[in-house]
Every structure is written in C-alpha cells, then in structure tokens.
Amino acid sequence: MPLFDLADDELRSYRSASTEPEDFDAFWSKTLQEAREHDLDARFEPVDTGLTTVQVYDVTFAGFGGHPVKGWLTLPAGTQEPLPLVVEFVGYGGGRGLPHEHLLWASTGRAHFIMDTRGQGSAWGGGGGTADPVGGAPSYPGFMTRGIDAPENYYYRRVFTDAVRAVEAARSHPLTDAARTVAIGGSQGGGITIAVGGLVPDLAGIAPDVPFLCDFPRAAVLTDRHPYREIGLFLKTHRGRSKDVLSTLAYFDGVHFASRGSAPALFSAALEDQTCPPSTVFAAFNAWAHEEKEIEVYDFNDHEGGGPYQEAAKLRWLRSYA
C-alpha cells in the first residue's frame, strides 16, 4: 500500500476536529468513583507454568461494576524487592493469552502485568477468560458500536475503567513499585494505554504503539478497514445517527485523554497503516500534554508498525523511566 495519508510536515502539525464534551472530566470522575465503590479484591494465585526463570500469578480483580477481570502478573524468579512495573493492554480481539506468550518484560528485571480485555480473547493468541456481563442496544458485530447509544452504556467505558483498576491491582502487589509504573500496548492496547495515561496522574511513562481509538471523526471516514469500519457499517443501517454516534465516541477519543497526559510518552506510527491511520495517531501524539514525548515513525510499514524494532526502542526508552 503506498502512502495514503497526510505528508510528514502535515502529520506533525495536525490537530483533530474531535470536539471535547464539556463534562468529559466529570463523566470520567464519576465513572471511576463508582468503580472504586467496589472493593478492588485483587487476588494473586501462583501458577505452575513449567517456566523456571519467572514466577507467574493468575490475577483476578474487580473492574467496572465490580465485575471480575483477569490478568497475569509475571515476576523474575526469586524476586524479593519491589520492581519497576510494566502494565500492558492487548490488541483488538485478543486476550491475556498464556503466560509463556509474555516473557519480554520480566526478562528485563521488571514486573509485568497484562490485562485481559472483557468480552474479547477469541480472535487470536492464547485466548481470554473475562466476560462482559453488560448488555446493550443493537450494534454491529464487533465491539466498536456496543452500547453506542449513550456514553454511559458504551463498551469502552467498561474497558477503560477496567484498565485503570488493572493499574491499581498490579500496584497493590508487594513486589511492584508503584512509583515506577509504565503503561504500554499496541493498537487497541495503545488506545487503552493513552486513556490510562489521561486518567492515572502519577505514571512514570506510557508507550502506545500504532494506537487505535483516536480521532474518531477522521478515522471513521478515512479507512475502510475494521475495526473503525464497524462504525460506518452501523451508520449505514442506522441512518441519520452520525451526530449522536460521534457525540458518544468523543468521551472515549484518545485525543482528549492525551490532552491530560502527565507522563513522558513514546508513541509509534506507521505511514502505510490503514487500520490505525498515521494522522489519527499523530492527532493523539500532538495533543499529548507532557513535554517529554517522542514518536517513532515507520515509513513503509502497515499496522505491524515497528514490530521487534519498536520493542527495541521501548527497551532503550524505558531505562530512563522504570
């Protein structure tokens, strides 16, 4: 796929047309307050994985609505002192998978927590095990339009709340260092990472790769790839509801979380990425509020982005923060 989006100089000055809701902060403050009325109830059960260099814990904690959410906590074997903590969120359709799929970060001497995404985990990888018990209005197959009739009902309200609680759960373990916590993720995981970066004020850093869930007004009309295309296919049937849909999505747009970002950030974008177009990634990057921010750009790559090269970039970058 040749380059299809804005030129480099335009990307670096691009600003989203997404309109921030006047009650954005109040909406999220109330949402998190309601979630915290439930006991976090973080439970860490050691599991025998056959791995000898790490200790793995099967984690359950209370997310949105007090619903049980799963995760893995992986520590280097023999850990006795609190370690820097990497909290990771996964891409669209995936789940927490199996512990041996996630060994990179514990191999660096850090604690690693990966959150299961409610209702997902059946499209790739080792699967997931977290249900989404909340119903919703009619939607297009997938997750993008579930509960899109109102911000209070929208699917990603639950996911972003789970993610904030995941950080709290991971930090509650005695062998993790809350002051050296970073959030990472790619694609959907990158979008969740940006949301967490805007909702959790004391992170040491964030690193979203080719992030999804950013600049909805542009993404919904620029690409015909899923998952963004789910929005257009919903509106193809539900004619005349574009304004209402974009109004709901504005509460979940990474651009608005980015404007509240209070930690150093390393983003990545790929110029041939039609799944998460580079202009939508730059919309969030350019809005990121913290002055310490960098973006790695991969000029001939699609949604795979930098792949192992970006992992190497994160390994170098994280030395300064966690």
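In this predicted model, helix α3 passes helix α4 in a right-handed crossing. The two axes, running through residues 155–171 for α3 and residues 188–199 for α4, come within 9 Å and cross at roughly 65 degrees. That angle is why α3 and α4 count as roughly perpendicular to each other. On the α3 side, the contact is made by Tyr 156, Val 159, Phe 160, Ala 163, Val 164 and Val 167. Their partners on α4 are Gln 188, Gly 191, Ile 192, Ala 195, Val 196 and Leu 199. Sorted by class, this meeting point has ten nonpolar residues, two polar ones and no charged ones.

Now for helix α10, which spans residues 308–318. Its buried residues are Gln 310, Ala 313, Lys 314, Trp 317 and Leu 318. These five cover an arc of only 125 degrees around the axis, so they sit on the same side of α10. An α-helix has 3.6 residues a turn, so residues three or four places apart point the same way. The buried residues of α10 pack against a set of strands: β4 (83–89), β6 (176–186), β7 (205–209), β8 (265–270) and β9 (293–298). Turned away from that buried side is a face with the exposed residues Pro 308, Tyr 309 and Arg 316.

Leaving aside residues up to four places away in sequence, Ala 287 touches Val 255, Ala 258, Ser 259 and Lys 293. Val 255 lies 32 residues from Ala 287 along the chain, yet the C-alpha atoms of the pair are separated by 6.1 Å.

Note on methods:
Residues are numbered from 1 along each chain as its sequence is written. This is a predicted model: local features need pLDDT of at least 70, side-chain atom pairs count only at pLDDT 80 or more; totals for chains, interfaces and linings use all residues. Side-chain values use heavy atoms; hydrogens and water are left out. Axes are lines fitted to C-alpha atoms, for helices over the stretch in contact, and angles run from 0 to 180 degrees between N-to-C directions. Helices (H or I, at least four residues) and strands (E, at least two) are DSSP runs, numbered from the N terminus. Angles under 35 degrees count as roughly parallel, over 145 as roughly antiparallel, 65 to 115 as roughly perpendicular and the rest as oblique. A crossing is left-handed if the near helix is turned anticlockwise from the far one by less than a right angle, and right-handed if clockwise. Contact means heavy atoms within 4.5 Å. Ala, Val, Leu, Ile, Met, Phe, Trp, Tyr, Cys and Pro count as nonpolar, Asp, Glu, Lys and Arg as charged, and the others, Gly among them, as polar. Buried means under 20% relative accessible area, exposed over 50%, partly exposed in between (1.4 Å probe, protein chains only). The arc is that of the directions from the helix axis to the C-beta atoms.
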